[in-house]
Amino acid sequence: MEHWWAVKRLSDSKEGDLGLIFVPSIDDGIAVKRTFDDVFGMPVDLYYSGQNDTVNAITDEQRAAILARWQVPSLDRFPLLITTIALAAGLHIPNIRATYNYSLADGALQQLQEASRAGRDKRVSFAFMFPIQAKDNFT
């Protein structure tokens, strides 16, 4: 919880700024989501591929709905999306101001891909890393 001060700054933004929290596994994503839902009282969605996960399967339509909901500002939601590496590359949304890594990425290239989701419009953006030891089941 002591790390979440960095998220507070983004949630206070009035400019429609967005952020991504990268997690190494679906289980870690569920835990972070629970923190936002229960402790902060504001929902945050979890985005992942889930194609090979029979317990947490998610459809293309569900993923599209999650991305659409995240991009629309709302007073009752944090402007954040929790994601696995599913959004680490190929995402070009201009108003992402911050990326947060809950644990270190699996290698320098992956870390660069995740951090570079922020600031695609050349505005000042930040990449935060919280080196929390995570499980070995990377997703």
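The exercises below concern salt bridges and their surroundings.

This is a predicted model, in which local features need pLDDT of at least 70 and side-chain atom pairs count only at pLDDT 80 or more, while totals for chains, interfaces and linings use all residues. Residues are numbered from 1 along each chain as its sequence is written, and side-chain values use heavy atoms, with hydrogens and water left out.

**Exercise 1.** Determine how R69 and D45 are paired and where each residue lies.

*Solution.* 
Step 1. A salt bridge requires a side-chain nitrogen of Lys or Arg within 4 Å of a carboxyl oxygen of Asp or Glu; five are counted by this rule.
Step 2. The closest N and O atoms of R69 and D45 are 2.6 Å apart, and the two residues form a salt bridge.
Step 3. Helices (H or I, at least four residues) and strands (E, at least two) are DSSP runs, numbered from the N terminus. R69 belongs to helix 3 (residues 60-70) and D45 to strand 2 (residues 45-47), so the pair ties together parts 24 residues apart in sequence.
Step 4. Buried means under 20% relative accessible area, exposed over 50%, and partly exposed in between (1.4 Å probe, protein chains only). R69, at 36%, is partly exposed, whereas D45, at 12%, is buried.

**Exercise 2.** Identify the network that contains R97.

*Solution.* 
Step 1. R97 forms a salt bridge with D17 (3.5 Å, N to O).
Step 2. R97 also forms a salt bridge with D121, with the closest N and O atoms 2.6 Å apart.
Step 3. R97 is buried at 6%, while D121 is partly exposed at 28%.
Step 4. Through shared partners, salt bridges join D17, R97 and D121 into one network.
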